[in-house]
Protein chains: 2
Amino acid sequence: MLTFKLHNSTMQVFQDYLQQHTPIKKEQFQLLKHTLLEKKYDKGKILLTEGGKTDVNYFVCSGLLRAYTLDVHGKEHTIQFAPENWWIGDRNSTYFNEPAAFNIDVLEESEVVIITKDFMELAQHVCLDFAKYNIHLLHNTIRHMQRRINLLLAATAEERYLDFVHLYPKLTLRISQIMIASYLGITPESLSRVRKELAKKHSK
Amino acid sequence: MLTFKLHNSTMQVFQDYLQQHTPIKKEQFQLLKHTLLEKKYDKGKILLTEGGKTDVNYFVCSGLLRAYTLDVHGKEHTIQFAPENWWIGDRNSTYFNEPAAFNIDVLEESEVVIITKDFMELAQHVCLDFAKYNIHLLHNTIRHMQRRINLLLAATAEERYLDFVHLYPKLTLRISQIMIASYLGITPESLSRVRKELAKKHSK
DNA sequence: CGTGGAGTTGAATACGATCAACACCGGTGG
DNA sequence: CCACCGGTGTTGATCGTATTCAACTCCACG
């Protein structure tokens, strides 16, 4: 007998992730499943708006989401990209019950699992060690943000771009330069020139 | 009978803080005390060096510490200030067992409590809810860092300075402009001019 | 086709950095 | 007590990097 498995379902991707990265096992996942929701979003869809409220986070199974803010001039500033197997959500709203600090939109058609508050609470009851994983995730987030702050303080546009390429080589190809520029804190025109300079150096 | 209490001991300040902000109570603190160390450091003392290793964090009871990095030109970039009742430490080293990402030095003569790994572990056994406080602290750190990243991406030097003054009004007076500039990501000269402009606007 | 967004390039501009000079303390030692 | 010194903060002149605004090419997509 042959079993065909063409591709994993959205929920299956999430379950696989949990089993690989957290102490939550198959049987435990079954107890948690009812607190989760799977969704598919089209490119351009806005999942959260600055100042709004939400009590869910997202786990991206396929596609690409983004967190960004708008300044007084209407320019976008990217806080975070979330490709497959990344978490994204607004802590201000989900954890502190305050208005959201940023917007979340869909850069590529994406399949996501919606992580409710119920899931977070229940997961810690069902699996005591889940809290440890959670803390690990928080520390890791802080480490990355600290690194980014340091780059914004100390590095030139070129250095920041090279760091981005090094850290997210696959994303560099998927994400438009407009978006990358808004993540690096420069204009798209400047990024274009940075890339031109790098190409020149590299060809020598 | 009169009781004189001229000033709190370093350890007492820390105990008071825990009792106010965490679920750790008097009796529980007694069980934890032996994992803590109190120290007094002179201005200029360097507690941690980039690339080094440490397994302790600090709680500042009095004085002022600072976390900073050095770039290739030898310039300092301030990651964080830690005045009284703040925590400071290098996660890369204490949590991830990797080389420290930054330096920590003493800006004012300071009394600190040294928080060992033993304390963190024991505290969670002695008081189950301490973990929740810890998570709260992590979320809060992330919130602040996200805000800072957004300011570095979106705001002018003047806006960043105003935000700093608003967020840390007391620190503004205690910290030299050289240090504030290195926190904002500008030169001391630029900060001086920003302040001049603000004074001009304000006097109109 | 043709339309609109992405990326590139150029010219002018603005903002902060750099370099240098100087005033102003606060502390130290003769 | 005063002279000196080093660090801080200010100001000016100049420089450099990134921004702004505009024009143009190149595709992808309807």
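**Helices, core and contacts**

Modeller: Let's start with helix α8 (residues 177–184) of chain A, where A:Ile180, A:Ala181, A:Ser182, A:Tyr183 and A:Leu184 are buried. Buried means 20 or more other C-beta atoms within 10 Å of the residue's own, with C-beta atoms placed from the backbone; 12 or fewer is exposed, and in between is partly exposed. Helices (H or I, at least four residues) and strands (E, at least two) are DSSP runs, numbered from the N terminus. This is a predicted model, where local features need pLDDT of at least 70, side-chain atom pairs count only at pLDDT 80 or more, and totals for chains, interfaces and linings use all residues. Residues are numbered from 1 along each chain as its sequence is written, while chains are lettered from A and ligands numbered from 1 in the order in which they are written.

Colleague: What follows α8(A)?
Modeller: A:Gly185, with a positive phi near 85 degrees.

Colleague: And how many helices and strands does chain A have?
Modeller: 9 helices and 6 strands. The C-alpha trace of chain A spans about 55 × 50 × 30 Å along its principal axes, and 33% of its 204 residues are buried.

Colleague: Switching to chain B, where is B:Arg160?
Modeller: In helix α6 (residues 157–167) of chain B.

Colleague: Buried or exposed?
Modeller: B:Arg160 counts as buried because 21 other C-beta atoms lie within 10 Å. Setting aside neighbours within four places in sequence, B:Arg160 is in contact (C-beta atoms, placed from the backbone, within 7 Å) with B:Leu151, B:Ala155 and B:Leu184.

Colleague: Which residues of α6(B) are buried?
Modeller: B:Arg160, B:Tyr161 and B:Phe164. Looking down the axis of α6(B), the buried residues fall within an arc of 100 degrees, so they line one face of the helix. The arc is taken from the directions from the helix axis to the C-beta atoms.

Colleague: Which residues touch the most other members of the largest nonpolar core?
Modeller: A:Leu65 and B:Leu65, in a core of 90 residues. A nonpolar core here is a set of buried Ala, Val, Leu, Ile, Met, Phe, Trp, Tyr and Cys residues joined through C-beta atoms within 7 Å. Beyond four places in sequence, the contacts of A:Leu65 include A:Tyr58, A:Ile88 and A:Leu107.

Colleague: How many residues of chain B are in contact with chain A?
Modeller: 24 residues of chain B, against 24 residues of chain A. On chain B's side, α5(B) gives the most, with 15 residues.

Colleague: Now the DNA. Which residues are closest to DNA strand D?
Modeller: A:Ala157, A:Ser190, B:Ser176, B:Gln177 and B:Ser192, out of 15 that surround DNA strand D. Near means a C-beta atom, placed from the backbone, within 6 Å.

Colleague: Which element gives the largest share of that surface?
Modeller: α9(B), with 6 residues.

Conventions: Two residues are in contact if their C-beta atoms, placed from the backbone, lie within 7 Å.
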